[in-house]
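Student: Please take a close look at the packing inside this one. I would like a connected account, with the cut-offs stated.

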Amino acid sequence: SVLCMCFSRDSELLATGARDGKIKVWKVATGQCLRRFDAAHSEGITSLMFSRDNSQLLSASFDMTARVHGLKSGKQLKEFRGHTSFVNSAIFLLEHVVTASSAATVKLWSVRTSDCTPTSQPNLPGAGGAEAHRPHL
């Protein structure tokens, strides 16, 4: 089943992320599947975002990672590993990737080096471990 989706900036492409960790990229006008990432993640995809030029796709997952995939090559280009719980959201921000997890942590990563800056942990009421926030699928 599909857990998340994202349109490209020009709305010509649609990426879908599934419960089984697979990603598909579709041409909206024709419905044709242009690219499959069959081993994008080992668990369900929680978030997707196209890069500004549509050449890359950022994904987040229940497997506690975020990854950048090349649309032309079909390969994983970067992996951002360091969260202790599900990564619920990931976005491109200039030369960085920002990720947020179920452990109430936000991390800022360099796209160039994959290095993480110091972790921010907002003081949120009810912020607990991964199991407390896992959606019922």
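Tutor: Buried means under 20% relative accessible area, exposed means over 50%, and partly exposed lies in between (1.4 Å probe, protein chains only). The model is predicted, so local features need pLDDT of at least 70 and side-chain atom pairs need 80 or more, while totals for chains, interfaces and linings use all residues. Numbering starts from 1 along each chain as its sequence is written, and side-chain values use heavy atoms, without hydrogens or water.

Start with the largest nonpolar core, which has 13 residues. Such a core is a set of buried Ala, Val, Leu, Ile, Met, Phe, Trp, Tyr and Cys residues joined through side-chain atoms within 4.5 Å. Ile23, Val25, Leu48, Phe50, Leu57 and Leu71 have the most contacts inside this core. At least two core residues come from each of strands S1 (2–7), S2 (13–18), S3 (23–27) and S5 (45–50). Strands here are DSSP runs of E, at least two residues long, numbered from the N terminus. S5 gives the largest share, three residues.

Look at Ile23. Leaving out residues up to four places away in sequence, Ile23 touches Thr16, Arg35, Arg36, Phe37, Ala40, Ile45, Leu48, Leu57, Ser59 and His69. A contact is heavy atoms within 4.5 Å.

Apart from this core lies another, of eleven residues, including Ala66, Val68, Phe92 and Val111.

Val97 deserves a separate look. Val97 belongs to strand S10, residues 96–101. Val97 counts as buried because its relative accessible area is 0%. Beyond four places in sequence, Val97 touches Leu58, Phe80, Ile91, Phe92, Lys107, Leu108, Trp109 and Val111. Leu58 is 39 residues from Val97 in sequence, yet their C-alpha atoms are 8.6 Å apart.

Now the sheet. Four strands form an open sheet, ordered S1-S2-S3-S4, with antiparallel pairing. Strands pair if DSSP finds at least two bridges between them. S1 and S4 (33–37) are the edges; each has a single partner strand, so one side of each lacks a neighbour in the sheet. S1 and S2 are joined antiparallel over five bridges. Across that pairing, Val2 faces Ala18 of S2.

Last, the cysteines. Cys33 is partly exposed at 27% relative accessible area. Cys116 is partly exposed too, at 33%. A disulfide is a pair of cysteine sulfur atoms within 2.5 Å, and by that rule the count is zero.
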